[in-house]
Amino acid sequence: MSGRESGILPGNPPGSQPVRHGLFSRGLSGSQLKLAAVITMLIDHTAFLLLGRGWLPALAEQLRLLAATGSGIRQPAYATLLASYQNWVLVYRTMRTMGRVAFPIYAFLLVEGYCHTRDWRRYGARLGIFALVSEIPFDLVTTGSMFSPMVQNVFFTLLIGLLTLKALDFLGNPSASPGQSSRSAFPGQSSQSASPGPSSQPTFQAYQSGMTGSLLRAAVLVGALYLAWYLHTDYDCGGILLILVFYYFRAWRQRGCFIGLFWMMCVSGTWYYLPGYMASFGLIWLYNGQRGRQPWPWKMAYYLFYPLHLLALYGIYAFVIV
C-alpha cells in the first residue's frame, strides 16, 4: 500500500504517525508545487531579460560614460548612480536565486507524472509539441534571434528525461508499466531476474540482469547525457541526472533531496543560488503524494504559460526597454 493510500506521507515507515502542525500536517500537492515553479520561473526570466539585458547594462553604460570624463567619477552623480547600480544588482541576484526554485520542481513532477501516467506516449508527445512551440520565444529571450542552435528550451530537457526513464525501465523490465520496476525492485533492475523462466533458450530478458543489460543501460544513460549536452538544452546534462536522482530515490525522497541539492550546487557553480535551491528541495520534501486540483484547462494553461510569458517579456524588452 502506498503512502497516499494509507494516509502516511511517502518516506515514513508504516505505522508511524508524526506529529506535525500547520503546513507540515498537510504537505503540498502537485498542483501547489507547479504553481510555485511557475511563479518563480516568471521572476527568474523577468530578471534575466529585463534587468540582466536591459536595465543593468544601461546603468553600467552611464557609469562608464561618467568615468570616461575623468572628473565625472568624483561627482556626486557618479556615487549616486553607482549605489543605484549596486542595489539593482542585488535585486537581480535575488530574483535569479528565487528562480532556482523552478527546475528541480519540474524535474520532480516529471518523475511523478511518468510513474502515474496512463499513457507515457501521450505525455511525451505533449512535451515534444510544447518544446517546438516554445523554441522561438525561448530563443528570442536568450539570444535575441528567432532561431539559435546554441540553446534549447527546458521542454527538450524534460522530454529527453522522460524517454530516458522509459528506456531504462524497458531494459530493466520490458513488461512493466512506467515506474513499475522501481516499485518491484531497484529501479532499472529486472524484477524477473530473481525467478528466471523455465525456458532454456536465450531471451532478451535473460540478458537484462547480466553484463549486456548493464551495458545497454549505460549506453542509454550516456546517450541521453550526450544528447542534452549536444543540443544545449536548458540545464542539459545536470538536468537529466537530477531527473534520474528523483527517479531512483522515489522511495527515499529525503535522501534524493539532499543528493539533488548537492548536485545542483555543483553544476550551477554560483554560490548565491544556494538559498533558491534549498527552498526548491524543501518544497519537494513537503510533497504529500497528491496531485491536487488540476482540471484540463488549468493543466493546459501551465504548459501554455511557458511560451506566452516568454513572448510577453520579450515584447516588453523590445518595445519598452530597448
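In which helix is Thr164 found?

A: Thr164 is found in helix H7, where helices (H or I, at least four residues) and strands (E, at least two) are DSSP runs numbered from the N terminus. The model is predicted, so local features need pLDDT of at least 70 and side-chain atom pairs count only at pLDDT 80 or more, while totals for chains, interfaces and linings use all residues. Residues are numbered from 1 along each chain as its sequence is written, and side-chain values use heavy atoms, with hydrogens and water left out.

With a relative accessible area of 4%, Thr164 is buried; buried means under 20% relative accessible area, exposed over 50%, and partly exposed in between (1.4 Å probe, protein chains only). A polar atom of the Thr164 side chain lies 2.7 Å from the backbone oxygen of Ile160. A polar contact is a pair of N or O atoms within 3.5 Å; within protein, one must be able to donate a hydrogen and the other to accept it, and residues adjacent in sequence count only if both atoms are side-chain atoms. Not counting residues up to four places away in sequence, Thr164 touches Val220, Ala224 and Leu244, contact meaning heavy atoms within 4.5 Å.

Another threonine can be described in the same terms. Thr40 is found in helix H3 and counts as buried at 11% relative accessibility. The backbone oxygen of Ala37 lies 3.2 Å from a polar atom of the Thr40 side chain. Leaving aside neighbours within four places in sequence, Thr40 is in contact with Met98, Gly99, Val101 and Ala102.

Helices H3 (30-68) and H7 (154-172) are among the elements that cover the buried residues of H13, as is helix H6 (120-143). Those buried residues are Met300, Tyr303, Tyr306, Pro307, His309, Leu310, Leu313 and Tyr317. H13 (residues 296-321) has 26 residues and reaches 36 Å from its first C-alpha to its last, close to the 38 Å expected at 1.5 Å a residue; the expected span is 1.5 Å times one less than the number of residues. At Phe305, H13 bends by about 40°, and a proline, Pro307, follows within four residues. The bend at a residue is the angle between axes fitted to the seven residues ending there and the seven starting there.

Aromatic residues form a further theme. A search of the whole structure finds 19 aromatic pairs. Rings of Phe, Tyr and Trp (its six-membered ring) pair if their centres lie within 6.5 Å; planes under 30 degrees apart count as stacked, over 60 as edge-to-face and the rest as tilted. Tyr226 and Tyr230 form a stacked pair, 5.8 Å centre to centre with 20° between the planes. These two tyrosines are separated by about one helical turn because they are four residues apart in helix H9 (residues 211-231). The pair of Trp271 and Tyr272 is edge-to-face, because the ring centres are 5.7 Å apart and the planes are at 90°. Trp271 is exposed, with a relative accessible area of 67%, whereas Tyr272 counts as buried at 18%. Phe108, Phe246, Phe281 and Tyr287 form one aromatic cluster.

As for the whole, the protein chain has 13 helices and zero strands. Of its 322 residues, 42% count as buried.
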